[in-house]
Structure formats: C-alpha cells, structure tokens
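Please look over the sequence and the 3D structure shown below. Then read on for a short tour.

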Protein chains: 2
Amino acid sequence: MKNLLPGGFGELTPDKQKIQNVVKEIIIKNYETFWYINIETPAVELNEVLTSKWWEEVWKQIFWLYWLKQWPEDLKPYSLHFDLTVPFARYVVDNESILKFPFKRYQIQKVWRGERQQRWRFKEFIQADIDLVWNNLPLNYDSEVILTLYRTLKEIFEFLKIWKWVEIHLNNKKFIEWICTMYNISWDTKTIFFWLLDGFYKATPEEFLIKLQNLVWENFKEINKLINTKIDELDISNPFLSEWINELKEVYTSLKEKWVNILFDPYITRWLDYYTWTVFETFISNYDNFWSICSGWRYDNLVESIRKVTGEWKNNKDTNNYEWVWWSIGLSRLFWWLDETWLINKKLPLTQAIIFNTLWNNLSYREKIWELLRNNWISTDIYYSDEKLWKQFNYAENKNIPFWIFAWDEEQTKNEVIVKNLYSREQESISINDLVSYIKQKLKNILK
Amino acid sequence: MKNLLPGGFGELTPDKQKIQNVVKEIIIKNYETFWYINIETPAVELNEVLTSKWWEEVWKQIFWLYWLKQWPEDLKPYSLHFDLTVPFARYVVDNESILKFPFKRYQIQKVWRGERQQRWRFKEFIQADIDLVWNNLPLNYDSEVILTLYRTLKEIFEFLKIWKWVEIHLNNKKFIEWICTMYNISWDTKTIFFWLLDGFYKATPEEFLIKLQNLVWENFKEINKLINTKIDELDISNPFLSEWINELKEVYTSLKEKWVNILFDPYITRWLDYYTWTVFETFISNYDNFWSICSGWRYDNLVESIRKVTGEWKNNKDTNNYEWVWWSIGLSRLFWWLDETWLINKKLPLTQAIIFNTLWNNLSYREKIWELLRNNWISTDIYYSDEKLWKQFNYAENKNIPFWIFAWDEEQTKNEVIVKNLYSREQESISINDLVSYIKQKLKNILK
C-alpha cells in the first residue's frame, strides 16, 4: 500500500511514543527543578526575524508559508521557525519590560528544516532547549547550565537502562582567539581554523594535521603542540591567555566538584561567529556521533539583529544586548539514534489492566470495577464488544496489557474478580476491596 | 516598541503557560486512565490528503508550505494540518495492518488555520482530541467517550476552582433524518434544516421559528412540536424512530448511571455530512458560547476519502471504512475563554525556593543546600550574581517564589538556614536535616 506520510517526516509507533513521552517528562522535571520556566512560541516567525542573522545556508532550509496561496497585502509574511533560539531572542526583545532577569527558560517544541533526508535527519524534529539570559551573566551560570543537562541526560540513560558514560567536553573560545592573535591569523583564515578544529573528530589525526599545515604553514607544529598542551602546563604570562585559563578552570572545577564527568577539549569550537567564550558538547562512550544530539555554548550578541528589525537599534546604541548560555537536547534525534543503535530495551505497558467482556448481563458489575480502578488512576480497558474470548485475549496480548480481569456470575456473587498476570502467568481470585492495592503492588515490579 | 509576534498568533505569559501545562497534564492523566494511547503526527500532510474530503471553506484556511520558495519536482507538496482528524484518518490508513482495534488514541497538538482574527480565534491553536475507531463500534463506546471528557473537564474545573456546571447536550442525528423522511424534505433543504437547528442557540426562539417556517412552510408547527416533544412521549411505532430512541436512550441512561450531567437536546446537530448518529456538545452554566470549545460526535465514513488518494478504494470496495467516535477539547480556546472571562484565579509558583547570594565565600555551603533541595525535586533558584540584597528580594517577589532561604556564616556554623515564607511572612531557623520535610509540608498548603 502507498504510504501517505510526507517524505522526510517521522512518526513513532504508539509504544515508542510512550517512551518518548516519559523521556520528555524526565527532561521537564529536571529543567523545572533547576528553576527554568517554560514558554512556548508559535510555530512561525516573521520572515524578517528569521533572516535577521543567518546565512543563506539556513535560509535554504526555511519552509515558507503562503496563505490563500499568496499573502494579503496588509499582512506580513511569516514562515516556520528552524530553531528555538531565534524565536526566543524575539520573545526577549518583545517582552523585556515584563520579564524578570536572570531569565531562565526552557522550550520543548518542534522545529522544521527543509534538509534532504539523511541518517538521523528529518525535516521536522523536537528540540528541548534551555537558555539563561541576563545583561551580566557570571560564569557560575555556565556551570549551572552544564550541570542541568548532565543530570537530565544521566536520568534519561538510567531510565532507559543504557549503561553508557555521558561525557561533557568543555572549551573556551578565547583560547583559539588567542592563538589566532599570537600567530597573526587573518579573519578569513580564522573562520576556516575554527571550522577545522570543529571537524577534528570527523577526520583522522593525520588528515587534520595536513589540513592544519595547509592553513597556517610553518606554524602548524607549534600550534598543534599548543592545542595539545595540558592546561596546567600552559604559559600564563600572556594576560589574555590567563583570563581564558581562569574562566575555563572556574567552570571546570565547579563541575568536577559536583561530580560531572567533564574534560577539557580544545577541539570543541563552533565556527558560527556569535558563539563566544564557553563551548561544550556531549559525547558518549563508543558513540562519536552523539555530539550532534546535545551541544551548547555561550553567546553575547544575538538580540542585536532582532533589534535592527524593530528599528530600535539605530536609535539607542546603549540598549542591552544580553549574555546568554544555551543548551539543547535534540529529543527526536536522540530517539532515532537510540532506535538505530538498538539501545531502547524498555517496554512500558500503554494500558495497565483490561476487564474482559465475559458476560453481557453483568456489565454494570464490570463497569463498577472499571470505575474503582479508574478512580485510583489505574489505566483500565473495558472490552465492550462481545467478540469471542480468544479474540479479546489476542487484543490484550498484542497491547501488552499486564493485568487481565475476569468476572462471571460466580465472582459477582462473591464480590470478587479473577486477575491473571500476563507476565508471571499467575492467576488469583481477588476480593474487590483488595484489588487496587493488589494491582498497584504488582505494577511496581513491572515498571521497574 | 514594535511587537514582532506575527499577527493572529498567541503567546502565553510564563505564569499562564504554567497553568496551561498543568491543565494539559490533567487531560493526559484522564485520557490515559481511560486507556487512550498517545500518538503524534507531523505538522504537515500531503495536499491531496488535506483536500481529500473538505470544502472550499476549509481549503481557504490552509497554510500552504513552500520549500526553496518552490517544490523540487521529485517531492510532493504538503501543508500544515488544520485539524487532527484528517491526519489521524491518514494514520489509520497508513498503519492499519499493525494497529490493534479497537484503537483508541489521543493526540494533543497544534493546528493551523488562516482565519481572520476574531474573539477566541487565532491562526494557531492546540487541540486535545480523542478518537475511538473500530469496524463495528457498539454504542457503549459513545458513552465511554462522553464519560472520559466529562470527567476530564470536571477535574480541570475543580483544579482551577471554577464552580460552574459542565453540561453535556446529547442528540442522535437519526431523529432529524427521520423528520426529513416523514415530511419529504429534499436533500438541499435538509442541509439547511440541519444548519438551522445547529444555529438555534445563536438566534432567538422567534427568529428560529420564522426561519423554520420559511424553510418547511406549512409543516413548521408540527415539526417544531415534534422537536420539542419529550423522548418518552414520542410515538415509536415507526421502526426508524424507535431505533433512534433506543440508541439515544442507551447512551443517555448509561451516562446518567455514571453521574454525568447529561440532557437530550434536539438542537445539537452538526451540518457536515459525515457526522452520523450520536452528536454531543458541552455547555457551561451561563456561558452559551462554550460549545465551540468542546464538542464531539460519531461518524462512519472518513477513511474512504483517504483511501481514494491511495487508489486502494477503487480496487477493493469491501475495504473497511471504520466507525469512529470523536471528541476534542480546544485547549488554547479554553484558555483564552477562561482568561477573557476572568475565571482563572489560580496562581502557581514557577519556582518553589530561592537561595540568596548572601556571601560569596560560603558558596559551596549554599550549593550543598541547593543540591539537597534539587535531589528532592524542590525547584530551587540559586542567585549567583552579587547584586544588592534588595534587588535579589525584588526578583524573588516578582517571580512569586514562596520560600526564601538565607545562609550567613552563623547558619553555616550551626548547619542551619533561615527560611522566610513569602506568603505567611513567617521566618524560622531550620536545621539542614529538617529542611526538605519543612518545605514539602508548607508547600502542600500553598498548592491547594
């Protein structure tokens, strides 16, 4: 049969959806405990906002919207957002008079990019972003963001029973800036230098060295040595370098004290120009590609371009541009990665109990049991159609429902039901009075 | 300042967003307890699917998507979905070989309609739909859907402390069909007749009668009398009428037994042709307009049009077309309505506690307290910047944080903190060992 799902869009099966929902709950619980507050922005932003600060690279990926196949003249065209950063920058500019700073928000929403389909890339995916914004953001907040994400990821992995190490790789971009200054690397070369470092893990060390040599010629050995020096052995007589080392060490030490699995990695740079200072990415033992699922950094200058759209920037050059620290978990991408690497072992029952249609004439008795279970938040299916019992069993087994409940006349007379446990295959007669506690007790073992 | 939010799109303030999130959790908890399972479909559907069964009326509201400003030739164009019904019908057709029937799903997602802005209407809004699908769906499932929604709405209202009655108005469309047959009402007139009944609550009784007379001429008095007859007094010698009465009574009685506030209302008809049998809408005491927030019905024939897109329909006329019962809560619309009518009295703290930056040199002591609270899922803000204390208080008060925590050297020596309660204004020294239970106990009162 022809599949009618548009190409490049993903859809989860109900059991995978359930696991993703629980993972999302874990993210929300952790983000909120770390005092981030939730906002949602619309799926669209004005085109002038979306294109205020990005490169053609990203513009090519925008899904443009048309209404009535063209825009009425009195309305400004808008399009689907391609990330949650630009919408949030717009939100801050729009609402700065009523927001309380430091403003810490999380946002879990879909974003859309018209990418050609490839591994783990879809045209629609969910991101779970946190951003921390203030006009003067002490470095403690860099640590705080990383701690939040580390704890969140750790709990997700524990829940999914994935015994892999989450590892945070930390750098500070002032280091690279300092190298560029020291070796007179021009602006053009600098961009490529950043991009080269950023691609280190995608190349072999030899390939990297050749590319480095092609870029900085006679200095390449010295630069390579510098990059690979341990922090403690670096010469800090240069004031700019010492500033960088102190910043990095402060974040690093604070996180080490909080048992975060963190290490210094000079190859973590992001080439985009608005990322400053702290940069960090997440790696997982034996899965090099995981970094594209979680990364973050600090940047300083994003709202400026939004202010230009409002015209406010021209009139008031003193206007606050804010410092930001950002991190994102690519929720959809995490899921596709887990799925492809067979790391999801978890099975969660979508429905916890089912009351079979044993006899039509005792429906009201069965509905009473149903109500009792529902009132105690035990998700309970009641089968209404009078299909043969084997068909009903088939349905319950396919849906992986753990508790099977039967009530014939005899059970009704004794105010009992028969409960069969799909997993342990045990079967018992239980009095109505004990039913809720019986199921809740047994459920605990199943959900572990 | 110029606002950059696109016109016709809504955005909630963080405190309203929090309340909406809790309402959403209540919806999910209830839907799942009534054994609905969650799926999500992409924001887009193929244009041929979206336009497979709707009228120009709806097509005019579609937001068409363009990628690279035009579609590459090898890709099929798709657009934003305008409801969750068409995507779900597509989902069922695409996945019917792996789904277990009866299939009961809930879906809480944004939908988009290019409507001109008016009261409670935005171009983007969230719907919380349930659908129950099977090839032969006993009437018990009609009751079940209504019970699910009634319980859900009741809990939402209780949570928000809105003491209004939720009232379900029930009808069965076979009644109107029967009237049409009895009075030889033609197909064209029938459509208008349905539409007229549906608009009853928007007109005065006099206006309604005049319109009815204009439509059915000499029969209008008899028809009007028939509509207003009580169920028990209707002549059931006509087999079609008796079928309708039995169907209606079965649903009605079953719900009355479950304490649902339900009544028969012959004016609840939906004019669209694929709604058959049971129709129901929700009213709230003194708020006539509430029906547009929650309604539902049974329909039989929706996947047929989707099958035509796949070409499957032509080849196999026996293919299952399913019976469906559907209900939707317009989550966004519910919110705008509550907001405009001043019915949200609830205030929920976004963050539960804050540890002030009293002294820099005891940061590690304060971070230990922070970790203790976090590990017990108490959402706790730690203020890192060394702003003056009154500025920190200002921030905490604006954010409505109930528990204010202070730790100077003296407290550290005694392994204590000072806790101030923003609401009761009481202030106490609490030992670290008792801190978690102290806050949890007090929080209970605040969240009530």
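**The chain as a whole**

The model is predicted. Chain A holds 17 helices and 16 strands. Its C-alpha atoms fill a box of roughly 90 × 60 × 50 Å, taken along the principal axes. Chain A has 448 residues, and 38% of them count as buried. Now take the contacts in chain A between residues at least 6 apart in sequence. Of these, 69% join residues at least 24 apart.

**Two helices that pack**

Helix α1 of chain A covers residues 14-33, and helix α5 of chain A covers residues 140-159. Their axes lie 9 Å apart, and the helices pack at an angle of about 150°. Angles over 145 degrees count as roughly antiparallel. So α1(A) and α5(A) are roughly antiparallel to each other. Their crossing is right-handed.

Which residues of α1(A) make the contact? They are V22(A), V23(A), I26(A), I27(A), N30(A) and Y31(A). From α5(A) come T148(A), R151(A), T152(A), E155(A), I156(A) and F159(A). Sorted by class, the contact of α1(A) with α5(A) has 7 nonpolar, 3 polar and 2 charged residues.

**Two chains that meet**

Chain A can be laid on chain B by a turn of 180° and a shift of 0.0 Å along the axis. Within chain A, the C-alpha nearest the axis belongs to L65(A), at 2.3 Å from it. The same surface serves both copies, as 100% of the contact residues of chain A recur in chain B.

How many residues of chain A are in contact with chain B? There are 68, and they meet 68 residues of chain B. On the side of chain A that touches chain B, α1(A) gives the most, with 7 residues. By class, that side of chain A has 32 nonpolar, 17 polar and 19 charged residues.

Is F193(B) buried or exposed? A residue counts as buried if 20 or more other C-beta atoms lie within 10 Å of its own. F193(B) has 23 other C-beta atoms within 10 Å, so F193(B) is buried. This residue sits in helix α7 of chain B, which covers residues 187-198. Leaving out residues up to four places away in sequence, F193(B) touches C180(B), I185(B) and L215(B).

Now turn to S429(B). This residue lies in strand β16 of chain B, which covers residues 427-431. S429(B) has 12 C-beta neighbours inside 10 Å, so S429(B) counts as exposed. Leaving out residues up to four places away in sequence, S429(B) touches E416(B) and I418(B).

| Pair | Apart in sequence | C-alpha to C-alpha |
|---|---|---|
| S429(B) and I405(B) | 24 residues | 9.7 Å |
| F193(B) and Y78(B) | 115 residues | 36 Å |

**To recap**

In chain A, α1(A) packs against α5(A) at an angle of about 150°. The helix α1(A) also gives 7 residues to the side that touches chain B. In chain B, F193(B) is buried, whereas S429(B) counts as exposed.

Conventions: Residues are numbered from 1 along each chain as its sequence is written. Chains are lettered from A and ligands numbered from 1 in the order in which they are written. This is a predicted model: local features need pLDDT of at least 70, side-chain atom pairs count only at pLDDT 80 or more; totals for chains, interfaces and linings use all residues. Helices (H or I, at least four residues) and strands (E, at least two) are DSSP runs, numbered from the N terminus. Two residues are in contact if their C-beta atoms, placed from the backbone, lie within 7 Å. Axes are lines fitted to C-alpha atoms, for helices over the stretch in contact, and angles run from 0 to 180 degrees between N-to-C directions. Angles under 35 degrees count as roughly parallel, over 145 as roughly antiparallel, 65 to 115 as roughly perpendicular and the rest as oblique. A crossing is left-handed if the near helix is turned anticlockwise from the far one by less than a right angle, and right-handed if clockwise. Ala, Val, Leu, Ile, Met, Phe, Trp, Tyr, Cys and Pro count as nonpolar, Asp, Glu, Lys and Arg as charged, and the others, Gly among them, as polar. Copies are superposed by least squares on the C-alpha atoms of residues with pLDDT of at least 70 in both.
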